[in-house]
Each structure stands twice: as C-alpha cells, then as structure tokens.
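Dear colleague,

Here is the structure you are taking over. My notes on helix packing, a chain contact and the nonpolar cores follow below it.

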Amino acid sequence: MAAPMKSVACLIRGTCFLQNAILHDTRFMPRACTHLQITRGRRRTCRPPSWFVRTRTKSHHLNQQELTAENKGFLTEYVEDFYTKKFEETSPLKDGPWERHEWHSHTFRTGVLAVKIGVIPQWDNQGRKFHTTLLQVLDNHVIRYVPPPVFEQSPAFKSHWRNRNGPKYGSVVVGALSCDPQLFTKEYNNLFTEAGVPPKRKLTRFIVTPNAAVQPGTPLFATHFKVGDYVDVQAKTIGHGFQGVVKRWGFKGGPASHGTTKWHRRPGSMGGGREKSGVWKGKKMPGHMGMDWRTLRGLKIWRINTKYNVLYVHGPCIPGPNHCYVRIMDTTLFYRKQAMEDQPPYMPTFFPEDTGDSDLPEEIVDEKLFSFKEPSIRYEEEASTTKKAKR
Amino acid sequence: MLRIPIKVTARKLPHAGGRGSGPQGRINKMRKLVTALIRHERIEGQYQWVDEARGYAERLILEAQRNGDTHKGTMEMADYWLLEKDLVHKLFKVLVPRYTNYPASFTQLWSLGETFPGRPVPMAVLELKGNPWPPVVPKERDQRNSLVNILLDQARKDYRQQKYESIAALELNKQSEQQTSNIDDSSASTS
Amino acid sequence: MNFSLFCSALVVPCRFSNTLATKLVERHRKSKLASHTREEAETKDTTVLTAPRDYKFVYPEFLPDPTWWKRDRIREKLEREDMMRRRSVIEIPEFYVGTVMAVESSDKYAPGKKNRFVGICIQRGGHGLRAGFTLRNVIDGQGVEVQYDLYNPTIIRLEVLKLEKRLDDELLYLRDAPQEYSTVPFDMEPVVLPPGIAVPINTMKVKLGPRPWHERWERQELKGVEDLGLPERFYKRAAEVAKPWQKHDLMRDYRLAINEDETEEIMTDVYGKMQGIETQQKLRRRQGPGPAK
C-alpha cells in the first residue's frame, strides 16, 4: 500500500516532507518574490532577481488530459484532506500563540491583502452622500515572520530602516487565496510548509516592528482593523499600455481643423536653447501608462461586514479595476496615527478567541455613518448647528 | 444565459458583408451564417465570423426554447434571423425538442488553424450538437490503462479503504465509550 | 449558480490583466481549501415563491449594473440588503415614468427644515443604492426639475398621487412642450386605484412647442408625441443616422442587460423579502400614522 501512496505524494508537488525537513533552515530556503519593489520610477527589466522563486509550472506535472475523471477527483480529494486534516496536526499555531505586546505610536502592524469588489454610495448621519469602496479580505494567512536581524540581510532591506541600535523592522509575509498545490512548482509550495497552510495565489510583504510580530499560520480577518480607523491602501492601477501625451499627461494637443496638418495630439516643443538647452530629465513624454503601484493615504473605514469579511473604505478612487489585489495597512499619517492612541488597534492582529463566547455582530457601523435600519434623518428646527433628532 | 464563452465587446467585422457594408452588412452576414448553420447543422468559415455567429445561434435557440412559438417577439426574431422560412419550423419543431433539459451549449466550435501556403486566415468549424454528420474529431484514445492511471487507481482504492477503516475505528471507539458510560450510569443508579 | 457561469463566459481585454477573473474569485470564495470562510454554501429553497415575470419592471433598481467589469456577487448582495433595510423603514411605493409623485424631504436650508415637492416623474434610472428619479413641475411659470436619490435617508415620505405609465421610457421632451403638460398642483389629492387593477397607461400625445429644442426629438422613436411638423430634410437626415440593425441584434441586447436567468434569481429573492415588508407596512398603516410621518 505504501508504494502507491508515496507515488501520489511525489506526484502532488510540495508534499515531500523529507526535503522540507532538510531545507527548513531559512538560509537555504529560496525567498519568494513577495514584496513590493520600491524603486525610483518603474522597474524596467523583465529578468527576475536572483532570489525569485518561479511560481507557476509551465505545464501541469501530470498530463491532465491523460487522467480519468475519477483520478482527477481523487487528486483534489487527497489535497483537501491533506490540508484540512494533516496540517491541523502540524500547524505551528498548535504550540500556542506568541507573546503579545502593547501598541504604541511607533508600532508598525502587519496589513492585509484584500480584493476590491466594487463601489457603492453611503450617507453619513447628516445626510451627506459619499462613496465607499468595498474590499473583501479573502482567506488571508500569515506565511512567515522574518525578525529584524535576518531581514537586514535581505536585498530588499533599506539602509534608513536601521538606527544606531540596529535594524528597526522585520517583515511579515501575508498570503491570500488558497490554491491546489498542483498549480505551482515544488519550490513555491515549500514556502508554505512553515505556516501549515495551502499554497497561496498571492503573497505580499509588510514591514513590521518586532512587537507586532505575528506567528506564521495565523489567519487575518477584516476585523484586523476597527471601524473608524484610518488606513493606507496600495494597489496597481488600470493598465492603459503605451499612450501619447494627451491621454497620459493631459496635454492639450492641437486644433482639430483650421488648416492643421498632422498636429492634433502632439506634445509641442521639448527644450529651449542657451544654457537650458536639451530635453530636461523628467520631461513629460509618451510612454507606458498605468499598471503601476499607487498609494492612497488616510482613508477611513466606515463599516465592516464580518460575515463576508468586507471593509467599506472611504472614497471611490482606490487604484485598480474591480477584483484587483489591494494592500491595506494602518496609516502612516502623523496626526491620524496619534489619534489611534485613543482607540489602539488589535495587537498583533484580531483573534476570534478574544471576543469570548459572544460572536461579533455581522455589521459593525461607524457612529457617524447612517445605518439603513434607522428612521429618516430630520434636522432640528431652532438650533443654528443642525443635529440629528431620533424619533 | 448563454453557456458559451463570449467576448465582452462584439467584433465589428467591418468587411463581413463586403467592404464598406458597415454594421448592417455585419448583421446580414451573421443572418446568412445562422441560417446556414440551422440548415446544414455544420458550417466552415473564418474563425471570427463563425465565433460571432455562434452567439446569435445560441441565443436564438435559447429564446425559442424559453418562450415557445406563441411568443410574438421570439417569432419576429426567428423570422428575421432565418432567411429561409422553412427553417422557422425546424427551429421550433426539431431543435427545441432536441435541446430540452440540455445542460450545456447547443453548438460546438472547432478551430482549424491556418492553411499554409495560402491565406493566413484562421478557419473554424461550427456545428449544432446532435447533428447527423460523422464527428469532427475522431474518437479519443482510451487512457484508462496508462501507467499513471493504473497507479492512481490503486492509490485511490488504498486511500479510500484507509479512510473507511479510520472512520470505522472512530465509530467503534464512540460506541465502546457510550457503553462504558451507560454501565457507569446504571451502576450509579443501582447503588 | 448562474453567476459563476456568467463569469466563465467572458473574455477580458488585457488592460485588466492585474485583476482576478470573476470566476476565479467565485471559486476561491467557495473553495474547500479556504480555511476560515464563514460563507455557507447557499442551498436553493424550492418552496420560495417565484416572482411574476414582469416584477423586474416594478422594482427595476434591484437589478445590478450590467457593465461586466462592475459585477460582483457579494457586493450586489450587500447592496440589496441595504436597500431592503431602508425599504423596511420607509415605504417606497411602486411608481413609473409618468407617475405624479410627492416627495417630502429634510432640508437644512428650508423654513421648517422640511421640503415638499410635487411633480411628474420624467426619468428613472440607476442601479442598487444609486437608483434615482427626476420630478418635473412648473412653479410660478418656471419649469423646475428635482433629482432625488431613491435611498437617500433625508427623504421622509414618498407618496404616489397618481399611478400611471406613459408611452415612453423617458419624458424628457416635456422640457420642450408647453407648460400645461408638466404642471401639477401642489395640493393635488391622491387618486386611489381600485385594488387588483393593472397600472393604467396614459396614451396622451404631447404637442411639442416650436424649435429650437433640447434634443433632436425627430431622431428618437417617440410614441407619446404628436406629429412634429418639421420640413422633409429633418426626417431624411433622421433616417440616415438611424440604426435599424440594433433592433434585432440579439447579442447586443444580451451584453447590455442582466440576462433572464439571473434576473429571475434576483427577483425571486427580492419578491420573497418584499412580501414580508409589505405585510408589515400594511399592519403599520392600520395602526395609524407610523413613526416616519
């Protein structure tokens, strides 16, 4: 019996325990392309960095057309059983949670990786209309925590993250959307053995201070944030391809008629003469537009749906189209961060056990937001400042 | 709801009805293709034309199926899309009964690729399912006896057996626990 | 069930290549590998009443925006829940374009902090919480139009004074018609229809004023307008720019609307909930003036 079972384990990649045991030391583990490459401008090379782990196999390890339907079903069943049952025994969370610390204004907590699912209008309790973007936190887990001394060795570490006592920040890798390991290479699947979760479709990395270290394998929910918190949001914008200056930079172009010849959407003159001669650096020119990381800072969380793990974040213009990945983290804005001291966030993240027996309500709504269960808004008659009167 | 993949925007096909024919020419070409498909049940043509015509054919059959021949709008559509009027009878009397309780799409599209040397135009075959013609693709090879499948078959059997055994063991454990607790209760009550 | 099927039926342009396909998101939401989702598999209740086939015309705003890249099952569901909550608090009656309505809303700057406007509904649109309508009336010889959001919480009361339909989907041509066509008295008494009767269709034909107009009405196929009496060249040009092929373009219709299966699914859900809300409202009406009045 053992021989065919072993063959199955080998056929499904990333389940080779022996190899994992050998490679468990992080020095030998290949690092995934998990972080946002912070470079000035856009990274112009297609060549992956040396520590990049190839994620996708070029083709399935097994020829899927060759398999019978029963065997295909068996493979999925095996994978589901493997991750639901066997990892329950090997999960790192079993050893008990790590020590938890207090939050202070210099703390950087981890963020979550959400999916943008749409924009809907909401009203505040003064009757003012605004738009909120719905971000769903789908199946997030902490994959790895890298303490500051180790993270310092990483090629992605920035020198200004160091002070005279040494490196200030470690990193937390967060993954979203569990997948069938057959989709990925063995090297990629091995990244998840430490956390004891199925391989994730998307990985991202957040900078954290050591007091906000999170144990690998910890699930992250939408309630990682509280209603009324302010967050920074990062996402990739919609791609427009190679565009001219009119669309890319809003240049005016030329007139449509009146004898214009081949001068409708051109940029005009580029540089002057004398000592200013030549085209200056940073001149707005045609080029690739969109598909680039953008950050919005200080957006308020108006509402949280705990059933579907949905955050209602202020504003209609979170970058990217629907169903793009969005990184959400605590804001770095100074005054917003100071204000967080009144209502410190969960450290290092929200644990469902903390609420005790009582479950969280399905909808958590900010007190300034109009909840649709309330009666219509009325303004008081005599007061100069309008107030809402509940009846 | 259509059961086939569609492009989010329609192809314009500016030359479908001859150069300069415009959107009306496109629709006319589509009508010809849909009529031919319903007539012959299998047609060959440029990939982008027949792929576009596929949507119209599917939608027409779906509407006919949903609304029946007494619905005025559907009959008008059938009259418009089928240039040969005897095909209206075929649509309602042959195709609709053929596809009742049919879970998948009504048509099948086979890509033929490009011919070389020749015009570099990808060609395709569009056919109604359940047609009387011999199949486009010959019968697939039986893969059941390949090495991977045999190995996996054995592994599956072993795995299932192991699973059942563990479940049975759990059940046994539970039963024995219940019995012991019952005995304890009874002994406590008697005492 | 149909939604994921719909998603599979999309071929998406590359400018959205940084997105997940809708089908993929749906698959992950229901995946067994996802360890801590609280989303239960939806069991289809066969005992639920199915909505009448024209129910989508009664509450059109419950149908989501058909634009393919705006669709998401969970967002649409959450939006519908919000709309239902609002509807259980305030009575939002059935109305159509051409219906005479009165809207009472809170207004900070009005005397008494309240405003009441009566007018004929000339336009209705929007999906979900964005749904809205436009009322038109003539006040002191001046045409006035007010746009309202249907789910705006400052609306205190929505009242239908005369429930009827017109021949067109939009009555924007009333802007170019004489004022008597859009004048409604503010102290109009509500017209009560006998119960169980279908909504009457007003077949009145409007005689438009002379040109210039806001739009080229002769290019639109208007049913509720008398002969425009224009010179021949206008009709000639209208025939030139007309798009007669769009009438029978089945795939164009399919792409521009929510398809029938999904409509049925959504409307069945809405119908079941609206039944409960309507019975509550009837009870409240019998008990006397409710808290919203």
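Helix packing in chain B

In this predicted model, helix α2 (residues 47-67) of chain B packs against helix α4 (residues 86-98) of chain B at an angle of about 90 degrees, and their axes are 10 Å apart. That angle makes α2(B) roughly perpendicular to α4(B). On the α2(B) side the contact is made by B:I61, B:A64 and B:Q65, and on the α4(B) side by B:L91, B:F92, B:L95 and B:V96. Six of these contact residues are nonpolar, one is polar and none is charged.

Contact between chains C and A

How many residues does each chain bring to this contact? Chain C brings 45 residues and chain A brings 44 residues. On the side of chain C that touches chain A, α2 (22-30), α4 (73-89) and β6 (155-162) of chain C each supply at least two residues. The most comes from α4(C), with eight residues. By type, that side of chain C has 16 nonpolar, 13 polar and 16 charged residues.

Nonpolar cores

The largest nonpolar core has 63 residues, and A:L311 and A:V326 have the most contacts inside it. Leaving aside neighbours within four places in sequence, A:V326 is in contact with A:A114, A:V115, A:K116, A:L135, A:V233, A:A235, A:I318 and A:G320. Another core, of 30 residues, lies apart from the largest one. Among its residues are B:L37, B:W49, B:I61 and B:L62. B:I61 is also one of the α2(B) residues in the contact with α4(B).

Regards

Definitions and conventions: Residues numbered from 1 in each chain as written. Chains lettered and ligands numbered in written order. Predicted model: local features only at pLDDT ≥ 70, side-chain atom pairs only at ≥ 80, totals over all residues. Axes fitted to C-alpha atoms, helices over the stretch in contact; angles between N-to-C directions. Helix = DSSP H or I, 4+ residues; strand = E, 2+ residues; numbered from the N terminus. Parallel < 35°, antiparallel > 145°, perpendicular 65-115°, else oblique. Contact = placed C-beta atoms within 7 Å. Nonpolar A, V, L, I, M, F, W, Y, C, P; charged D, E, K, R; others polar. Core = buried A, V, L, I, M, F, W, Y, C linked by C-beta atoms within 7 Å. Buried ≥ 20, exposed ≤ 12 C-beta atoms within 10 Å, placed from the backbone.
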